[in-house]
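Subject: Structure handover

Hello,

Here is the structure we talked about. Please open it first, then read my notes below.

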Amino acid sequence: MHELYTALAEYYDAIYRRRAERVSREIDFVEELFKNEAEREVRRILDLACGTGIPTLELARRGYQVTGLDLHEEMLAVARRKAEGKGLNIEFIQGNALEIDFDKEFDAVTMFFSSIMYFDDSAIQELFNSVNQALKQGGVFIADFPCWDYSYYYKGQNNVVWDERKGDERLVITDWREVEPATQKLHFKRLVQIVKPDGSVRAFMVDDELNIYTVREMRLLAEKHFRRIKIYGDLHELRPSDRRYWLVAVK
Ligand SMILES: C[S@@+](CC[C@H](N)C(=O)[O-])C[C@H]1O[C@@H](n2cnc3c(N)ncnc32)[C@H](O)[C@@H]1O
């Protein structure tokens, strides 16, 4: 059971408010990749690990025919409600990205916001296989992932604490990240405290294990499954100082 995607699903968009605010810039970049990298016109998209649909809804708003898939029904409930509220017709499916069984149905498959880090060396190969199978010839797989060097985010501190609001509730969020250099595992820990106007507090602890990939490793792994690979930096061509990467893999 993953608290961030279950008990806290209703708070996900508030926790990631700043990320949600920049999603339109991310999708501008993704549309450029569709135009410049895909070898077919992109109309139908499978958004894997779609969560509460932050990028999924933006893609649908721009006229793409989108299917969103996620492991957690609680996340999908939020996504469905948001799509309905905006009058967007998106198919949402509960399922495991490793067990999808689409056959050459999509022009593009996306996996946003570091979700690819849930897949270890063996699972990521299964994922690439399933994605490849789901793509039409010339279709493109796009996934973003961060740099392993978290000192950049923390600027010398051990943790990050910040505040958000959801209605009349205040959220106090404390994050730690611990990297195991030998195994390239990232232990992502987060304490979310929800403070009600009457001062009562509910607290949730998230403790997640993620897989770190360098740009070179991601390229080498993806090369086994796709015809053409390019890794971009943070919404532009890869630069040495980039801290977020975009895998672009063409079938
Ligand atoms: C960091 S969130 C990203 C959500 C969304 N892509 C976004 O950009 O906001 C990671 C998501 O991955 C989903 N997830 C993790 N493992 C999965 C799997 N094996 N299959 C499908 N979804 C998975 C979680 O349920 C969660 O919604």
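Start with Ser 114, which sits in the loop between strand 4 (106–111) and helix 6 (121–134). Helices (H or I, at least four residues) and strands (E, at least two) are DSSP runs, numbered from the N terminus. The phi of Ser 114 is near 70 degrees, a positive value in a residue other than glycine. Ser 114 counts as buried, at 13% relative accessibility. Buried means under 20% relative accessible area, exposed over 50%, and partly exposed in between (1.4 Å probe, protein chains only).

Before going further, some ground rules. This is a predicted model: local features need pLDDT of at least 70, side-chain atom pairs count only at pLDDT 80 or more, and totals for chains, interfaces and linings use all residues. Residues are numbered from 1 along each chain as its sequence is written, and side-chain values use heavy atoms, with hydrogens and water left out.

Leu 235 also has a positive phi, about 75 degrees, although it is not a glycine. Leu 235 is in the loop between strand 10 and strand 11 (244–250). At 26% relative accessibility, Leu 235 is partly exposed. Tyr 232 belongs to strand 10 (residues 228–232). Tyr 232 is buried, at 7% relative accessibility.

Now the ligand.

The ligand is surrounded by 19 residues. A residue is near a molecule if one of its heavy atoms lies within 4 Å of it. The closest are Arg 19, Ala 49, Asp 70, His 72 and Ala 97. The shell divides into 12 nonpolar, five polar and two charged residues. Here Ala, Val, Leu, Ile, Met, Phe, Trp, Tyr, Cys and Pro count as nonpolar, Asp, Glu, Lys and Arg as charged, and the others, Gly among them, as polar.

Ligand nitrogen atoms have these partners:

- Ala 49: a backbone N or O atom at 2.7 Å.
- Asn 96: a polar side-chain atom at 2.9 Å.
- Leu 71: a backbone N or O atom at 3.2 Å.

Taken alone, the ligand exposes 600 Å², and the protein buries 95% of that. Accessible areas come from the Shrake-Rupley method with a 1.4 Å probe; for residues, only the protein chains shown count as cover.

Arg 19 lies in helix 2 (residues 17–21). Arg 19 is buried, at 4% relative accessibility. The C-alpha atoms of Arg 19 and Asn 211 are separated by 21 Å, with the two 192 residues apart along the chain.

Helix 3 (residues 23–36) has 14 residues. Its buried residues include Val 23, Glu 26, Ile 27, Phe 29, Val 30, Leu 33 and Phe 34. Why do they share a side of helix 3? They cover an arc of only 155 degrees around the axis, which puts them on the same side. The arc is that of the directions from the helix axis to the C-beta atoms. The face turned away from the buried side carries the exposed residues Arg 25, Lys 35 and Asn 36.

Helix 4 is mostly covered, with seven of its eight residues buried. Thr 56 is in helix 4 (residues 54–61). Thr 56 has a relative accessible area of 0%. Its side chain makes a polar contact with the side chain of Asp 47 (2.8 Å). A polar contact is a pair of N or O atoms within 3.5 Å; within protein, one must be able to donate a hydrogen and the other to accept it, and residues adjacent in sequence count only if both atoms are side-chain atoms. Gly 63 follows helix 4, and its phi is positive, near 100 degrees.

Best wishes

Notes. The expected span of a helix is 1.5 Å times one less than its number of residues.
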